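Student: I have a structure open and want to go through what surrounds the ligands. Can you take me through it?

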Amino acid sequence: MSIITIALPSKGRMKEDASAIFERAGLPIVAVGNERSYRGKVEGHDDIEIAFLSASEIAREIGAGTVDFGVTGEDLIREGLIDADAKMEIAARLGFGHADVVVAVPEIWLDVDTMADLGDVAADFRARHGRRLQIATKYWRLTQQHFSSQHGIQLYRIVESLGATEGAPAAGQADIIVDITSTGSTLKANHLKILSDGVILKSEACLVRARKSEHETDARVKKIVEAVRSAL
Ligand SMILES: Nc1ncnc2c1ncn2[C@@H]1O[C@H](COP(=O)(O)OP(=O)(O)OP(=O)(O)O)[C@@H](O)[C@H]1O
Ligand SMILES: O=P(O)(O)OC[C@H]1O[C@H](OP(=O)(O)OP(=O)(O)O)[C@H](O)[C@@H]1O
């Protein structure tokens, strides 16, 4: 019988919650070898293999179809995969790892409250400042979709930020940001405000299935989804 592979977070904020859900689903996970091993099994199910990977790697492996299921954030899936819906299905939203991907601007931009206002700012930016509006983010794809496709804003430049994104405007590295927020305290501490229509994605941890034709005739696939859903 073929092996079904499930990728779970090996570290970080989603690790414990992901394991707990599988435990409640009646699919208790045990490490193969010692505690530090990146391979696991599901007790009593020799045909299921667990791969412990980082949350962003899980998105990539789902896209490549090298694993059957994964638990990761929807933000990482939609940012990491071109045409995500063709490659994967969100089988369950798991109720943890909540974070919103948002557009935030300096609080002192008093007359900028919407994406349309921001579009006006972007259009004037070069004339006023001699350069394009700069957006600090690690979410390139989501930013481009939201600005260009959804709001028709083309005049901007993305400045890649790999951390402390909220500090970029004060540091003069960018004018505004696109990043995740959960409590909002980091935005507040950096005097940034979310635009009223600036929520790009409401993300949470999801059970994601790679779309593979062999899943259609595999009863185990349906069983895993049902077990996880029943644990929520
Ligand atoms: N406050 C938060 N800060 C960062 N990520 C959060 C937060 N709340 C929820 N998340 C979610 O957690 C996921 C990222 O988790 P984690 O930081 O463990 O992954 P990762 O370790 O960053 O992966 P990698 O190491 O490859 O970058 C994302 O889906 C993100 O939306
Ligand atoms: O809205 P808040 O509750 O303030 O959370 C949002 C912040 O948390 C995350 O950073 P974190 O310090 O966790 O580091 P990371 O991005 O490297 O995971 C995220 O990148 C934001 O900066």
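Tutor: We can go over confidence and then the two ligand shells. Keep in mind that this is a predicted model.

Student: OK, what pLDDT does the protein chain average?

Tutor: The average is 96, and 100% of the residues score at least 70. For the model, ipTM is 0.94 and pTM is 0.96.

Student: Ligand 1 then. How many residues surround ligand 1, and which are the closest?

Tutor: There are 15 residues around ligand 1, and the closest are G12, S54, A55, S56 and G73.

Student: Which helices each supply at least two residues of that shell?

Tutor: Helix 2 (55-64) and helix 3 (74-80) do. Helix 2 gives the most, with three residues.

Student: And by class?

Tutor: The shell around ligand 1 has seven polar, five nonpolar and three charged residues.

Student: Where does ligand 1 lie relative to domain 1 and domain 2?

Tutor: Ligand 1 lies between them, because domain 1 (4-98 + 204-230) and domain 2 (99-202) both give residues to its shell.

Student: Switching to ligand 2. Which residues are around ligand 2?

Tutor: They are G163 and E166, then D179, I180, T181, S182, T183, G184, S185 and T186.

Student: Which elements each supply at least two residues there?

Tutor: Strand 10 (176-181) and helix 7 (185-189). The largest share comes from strand 10, at three residues.

Student: How do the residues of the shell around ligand 2 divide by class?

Tutor: Seven are polar, two are charged and one is nonpolar.

How values were computed
Residues are numbered from 1 along each chain as its sequence is written. Chains are lettered from A and ligands numbered from 1 in the order in which they are written. This is a predicted model: local features need pLDDT of at least 70, side-chain atom pairs count only at pLDDT 80 or more; totals for chains, interfaces and linings use all residues. A residue is near a molecule or strand if its C-beta atom, placed from the backbone, lies within 6 Å of it. Helices (H or I, at least four residues) and strands (E, at least two) are DSSP runs, numbered from the N terminus. Ala, Val, Leu, Ile, Met, Phe, Trp, Tyr, Cys and Pro count as nonpolar, Asp, Glu, Lys and Arg as charged, and the others, Gly among them, as polar. Domain bounds come from an automatic or database domain assignment. pLDDT is the predictor's confidence in each residue, from 0 to 100.
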